[in-house]
Amino acid sequence: MNVKNNKRRKESQEKIERAFIELLQSREIKEITVSDLIKMTGLNRSTFYANYVDIFDLADKTRHKLEQDFSNLFADYDYFNQRSGALMMFTHIKENQLFYKTYFKLCYDEKHLISVCDPRRAEMEHVSENLRYHIEFFRNGLNAIIKLWLAGGCKESPEEMAEVLRQEYRGR
C-alpha cells in the first residue's frame, strides 16, 4: 500500500468523524445524511463509502474509537489498590466534554456504556460470585451520574464529582 494514500485516507476519516461529531451536537443520528457530511468536508461521496457502509457504520466505528480512547486512559490503572481513579476519570470527562457527549449520544441502544470495571480482572481476584449484578449496578449508576453532570455543563469540579461517587459507593 502506498503510504501517501494511507495518510490521505486517515485524514479523510478524521475529517468525516469530526463533521459527524459536530452534526451530532445539534441533530439526532437519523437526521444526518451522507450528503450533509460530504458538503461539510468537501470530500467525495465515494470517499465516504470507501470507509463506511452507511451513517450507522460511521456511528459504530466512532463509538468504538471513543471507547478505545477511554479504555486507554485506564490501561495501566490498578483498580484494586488505587483510589484516584474517579478523580482521573472526572478530570478527563471535564476536559473532553464533547467527546463524552458524543459517546453517550451514540449509545442509542444503551448496550454500550462506559465501564471502568474489568470483569475478567475482578473474577481473577475472586471479588464476588454475584459480580455481574454488582458490575451492572455500578456501571449504570456511574453512567447516570456522568450524563447528569455533562447535561449541567460540568459545573462541579472533578474533585466534587469524585466525592459524590465516593459518598454513593462508600468505598466498597
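(Buried means under 20% relative accessible area, exposed over 50%, and partly exposed in between, with a 1.4 Å probe and protein chains only.) The model is predicted: local features need pLDDT of at least 70, side-chain atom pairs count only at pLDDT 80 or more, and totals for chains, interfaces and linings use all residues. Residues are numbered from 1 along each chain as its sequence is written, and side-chain values use heavy atoms, without hydrogens and water.

Next, the partner. Glutamate 14 makes a salt bridge with lysine 10, at 3.8 Å from N to O. (A salt bridge is a side-chain nitrogen of Lys or Arg within 4 Å of a carboxyl oxygen of Asp or Glu.) Both residues sit in helix α1, residues 3–24, and are 4 residues apart, about one turn of the helix. (Helices are DSSP runs of H or I with at least four residues, numbered from the N terminus.)

I moved to helix α4, residues 55–73, which holds aspartate 60 and arginine 63, 3 residues apart. Their closest N and O atoms are 3.4 Å apart, in a salt bridge.

Then helix α9, residues 158–169. Glutamate 163 and arginine 166 lie there, 3 residues apart, about one turn of the helix. Their side chains meet in a salt bridge at 2.7 Å, N to O. I noted glutamate 163 as partly exposed at 33% and arginine 166 as partly exposed at 44%.

Last, I checked the total: the count comes to 8 salt bridges.

Key. Helices (H or I, at least four residues) and strands (E, at least two) are DSSP runs, numbered from the N terminus.
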